[in-house]
Amino acid sequence: MSISIKFFEHPAGGYKKIFETVEELNEPLPATVTGRIPSFIKGSLLRLGPGLFEVGSEPFYHLFDGQALMHKFDFSSGQVTYFRKFVKTDAYVRAMTEKRVVITEFGTCAYPDPCKNIFSRFFTYFKGVEVTDNCLVNVYPVGEDFYAVTETNYITKVNVETLETLKKVDLCDYVNINGVTAHPHIEKDGTVYNIGNCMGKGASLAYNIVRIPPQQKGNFGMTENYFVFVETPVKIHLLKFLSAWSIRGSNYMDCFESDEEKGTWIHIARKHPGEYIDYKFRTAAMGLFHHINCYEDSGFIVVDLCAWKGFEFVYNYLWLANLRANWEEVKRNAMIAPQPEVRRYVLPLDPCRQGKNLVCLPYTTATATMRADGTIWLEPEVLFSGPRQAFEFPQINYKMNNGKNYTYAYALGLNHFIPDRICKLNVKTKETWVWQEPDSYPSEPLFVQNPDGVDEDDGVLMTIVVSPGAQRPTCCLILNAKDLSEVARAEVDIMSPVTFHGMYKP
């Protein structure tokens, strides 16, 4: 049976504190530990998110605009420290030097230096797009190095011991892409796969799978033999992006368009040899931030997603003004936003019969039907649904089950877009578990496997929780992955802002 989920109200508005500017630290802070930290936790929890929400008198407007701040909890011999530093990107350094927003971010437009004359301003616009390197989304390894990343063509090499910024890398110097996701897949041998885009024929965009081999050492899905890419109705209008940006000033949000009639297309490609498979899988319009997992079973690909119903762009509801509003206003905004649910789609690898459900897996109600025009229409099975309650930033036991049949998913629970709980879902039985405390705002939970464990959920979840009213408002919380009971926490007397993604480095 499922654990009863109680959704907290937040009338005091403590969540507003996680969207406020903080300062970096000169040295690590010792943490106060309660409970017993498992002996196999002997590394670092690394997290990235926005930490600077305004420059001088100029605010950033969108959740994805604040300048990148890297957080680290270090674990050694039962002792824990917390440290954080801003990633010294060009966007950050120039903003701090000129005391204004210099490079346009996702939802904040940078204007030319007001001290320059009108001709200088015109030519500053006319030069065109200056893409941000503000790497506030994720951190991941490439070989022995680590990179802070966002969704553009720039990644930033960082020293994860000192949190120093080492080097800006332009991926365009190596591959023909405009940008890649901040959610790569990493195989056991260290091979990194990512998906990006480039200019195709007729000024169209083409998708690219980028492979970084291990010797050089989402958002998309990957099974043992296939890549899965979900193309939602939200698009960047290329001409609007190039012309509006370069002539009159604009931001990324101004250049998105969504068309309900286009629906959603799901593409697949083989890994070896690398080739696109021209099956026309289609389903109703939806939004998508993250895949949970994909796997192959008896001639089918099973695809589990964190979906948002409809064609409207969910980022429209992540303006900081919305997230910082009073609780009743936050709820009103969420009432009209796309509604979230966890969905399972099943893609037949040999679709050949028209007008009949092609899915014969006994454990799912998802369907696939061949239409007369050659498209294969997909209807999902809903694995979890709660009104305005999202199961997002999903994680699995990646080492054991990525690309394979699995049972458990873990996630950050969003309550009207406010992160206020940690969730576990059994994707086979739909059983759920929840951790939650009043006026406490966690981040994405990262699964760390117990090296002596056998079961898929033998391990712990690690998350950073901010409790604005507490004596020590920031903590690293460690939960038992089996039932979400608390194992230990390491608290520090300092406020921290929201974080997006990260990793555990043993």
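**Burial, rings and histidines in a predicted model**

User: In this predicted model, why is Phe-500 called buried?

Analyst: Phe-500 has a relative accessible area of 4%, and since the term applies under 20%, the residue counts as buried.

User: What makes the pair of Phe-64 and Phe-500 edge-to-face?

Analyst: The ring centres of Phe-64 and Phe-500 are 5.4 Å apart, with the planes at 75°; centres within 6.5 Å make a pair, and an angle over 60 degrees makes it edge-to-face, so that is the name this pair receives. Phe-64 and Phe-500 also belong to a cluster linked by ring pairs, which includes Tyr-252, Trp-308 and Phe-417.

User: How do you know that the side chains of His-501 and His-290 are joined by a polar contact?

Analyst: The contact between the side chains of His-501 and His-290 is 3.3 Å, and the limit for such a pair of N or O atoms is 3.5 Å; the side chains of His-290 and His-183 are likewise joined, at 3.4 Å. The "binding site" annotation in the unreviewed UniProt entry covers His-183, His-290 and His-501.

User: Are His-290 and His-501 buried or exposed?

Analyst: His-290, in strand β22, has 6% relative accessibility and therefore counts as buried, while His-501, in strand β36, counts as buried because its value is 5%.

Terms used:
Residues are numbered from 1 along each chain as its sequence is written. This is a predicted model: local features need pLDDT of at least 70, side-chain atom pairs count only at pLDDT 80 or more; totals for chains, interfaces and linings use all residues. Side-chain values use heavy atoms; hydrogens and water are left out. UniProt positions are given in the numbering used here, feature names are shortened, and annotations may be inferred rather than shown by experiment. Helices (H or I, at least four residues) and strands (E, at least two) are DSSP runs, numbered from the N terminus. Buried means under 20% relative accessible area, exposed over 50%, partly exposed in between (1.4 Å probe, protein chains only). A polar contact is a pair of N or O atoms within 3.5 Å; within protein, one must be able to donate a hydrogen and the other to accept it, and residues adjacent in sequence count only if both atoms are side-chain atoms. Rings of Phe, Tyr and Trp (its six-membered ring) pair if their centres lie within 6.5 Å; planes under 30 degrees apart count as stacked, over 60 as edge-to-face and the rest as tilted.
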